[in-house]
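Q: I have a chain and a model of it on screen, and I would like to learn how to read its features one at a time. Can we begin with a loop?

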Amino acid sequence: MKQLKIGRNQDNDIVIDDTSVSRHHATIIQTNNSFIVCDNSSSNGTFVNGQRIEDDTVLKQNDKLTLGTVQVPWINYVSFGENKKSNGTETIIEEAAKPARVAESGHVQNQNVQQHVIVQQISNTSNENTNGLGVAGFVIGLISFLGSFIVIGGILGIVGLVISCAGLFKSPRGLAIAGLVLSLLSIAIAMLVVNS
């Protein structure tokens with residue numbers, strides 16, 4: 001059984017110089033017929049095909065491995081051998097590649113082969129990093145605040161309040177909180193205007 005350690009520290013087999021990657025983030029274990037990735041209680045998580053893993057997970061040849069926000073081209077450090085069939089089942093014979101290092105420039109270099117692979121940053125515009133309800137609550141709250149001196153501003157404030165409250169349950173919460181504050185202010189101003 002061979003292991004390929006991945007992390008930010010220089011003592012790893014694959015070194016990734018990125019703050020979203022823990023010092024000893026994950027380990028790929030080679031068994032006789034598979035590769036298994038283990039998260040080492042990292043801060044920002046280990047993902048296979050976009051899904052955060054909690055337990056040891058078998059890696060298939062086309063799986064995308066992501067540590068924190070960095071997509072790791074793990075397939076470049078291992079090689080899949082020929083497929084052999086025995087008793088109706090398929091066994092994959094594999095061989096681990098040489099350890100690699102990641103330079104500060106963001107390139108991955110194999111120690112013996114001058115192969116360069118760019119480590120790709122994952123875009124922060126993925127669905128898990130946006131909060132549509134928070135944005136909608138903020139926009140409605142802003143419109144209601146600007147129109148709070150008329151009765152319609154108070155009605156929009158209530159709508160913005162409801163949507164912003166729903167947005168508080170998603171991440172990031174910044175715009176949802178701002179929408180909540182604006183909606184509350186517009187409701188208060190509209191009530192003062194109506195009562196005076």
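A: Take Ser41, which lies in the loop between β4 and β5 (46–48). Helices (H or I, at least four residues) and strands (E, at least two) are DSSP runs, numbered from the N terminus. This is a predicted model, in which local features need pLDDT of at least 70, side-chain atom pairs count only at pLDDT 80 or more, and totals for chains, interfaces and linings use all residues. Residues are numbered from 1 along each chain as its sequence is written, and side-chain values use heavy atoms, with hydrogens and water left out.

Q: What is the phi of Ser41, and is Ser41 buried or exposed?

A: Burial is read from relative accessible area: buried means under 20%, exposed over 50%, and partly exposed in between (1.4 Å probe, protein chains only). Ser41 has a relative accessibility of 71% and so counts as exposed. Its phi is positive, about 55°, although Ser41 is not a glycine.

Q: Which loop holds Asn49, and how does its accessibility count?

A: Asn49 sits in the loop between β5 and β6 (51–52). Its relative accessibility is 44%, so Asn49 counts as partly exposed. Asn49 also has a positive phi of about 55° without being a glycine.

Q: What joins β3 to β4?

A: A hairpin does, through four residues. The two strands run antiparallel and share five bridges. One example is Gln30, whose bridge partner in β4 is Phe35.

Q: Why is β3 described as largely enclosed?

A: Count the buried residues in the strand, then look at each face. Five of the five residues of β3 are buried, so the rest of the structure largely encloses this strand. On one side these are Ala26, Ile28 and Gln30, and on the other Thr27 and Ile29; both faces are covered.

Q: How many residues are in the largest nonpolar core?

A: A nonpolar core is a set of buried Ala, Val, Leu, Ile, Met, Phe, Trp, Tyr and Cys residues joined through side-chain atoms within 4.5 Å. The largest one here has 19 residues, and Ile28, Val37 and Leu65 have the most contacts inside it. At least two of its residues come from each of β1 (2–7), β3 (26–30), β4 (35–39), β8 (65–67) and β9 (70–72).

Q: Where is Leu65, and which residues does it touch?

A: Contact means heavy atoms within 4.5 Å. Leu65 belongs to strand β8 and is buried, with a relative accessible area of 1%. Not counting residues up to four places away in sequence, Leu65 touches Ile6, Ile28, Val37, Thr46, Phe47, Val48, Val70, Gln71, Val72 and Trp74. Leu65 and Phe47 are 18 residues apart in sequence, while their C-alpha atoms are 5.8 Å apart.

Q: What span should helix α3 have?

A: The expected span of a helix is 1.5 Å times one less than its number of residues. Helix α3 (residues 174–195) has 22 residues and should span 32 Å, which agrees with the 32 Å between its end C-alpha atoms. Its buried residues are Ala176, Gly179, Leu180, Leu182, Ser183, Ser186, Ile187 and Ala190.

Q: What is the mean pLDDT of the chain, and where does pLDDT stay under 50?

A: pLDDT is the predictor's confidence in each residue, from 0 to 100. The mean for the protein chain is 75, and 72% of its residues reach 70 or more. Over residues 82–127 pLDDT stays under 50, and the model has 92 contacts beyond four places in sequence for that stretch.

Q: How many helices and strands does the protein chain have?

A: The protein chain has three helices and 15 strands. Of its 196 residues, 35% are buried.

Conventions: Two strands pair if DSSP finds at least two bridges between them.
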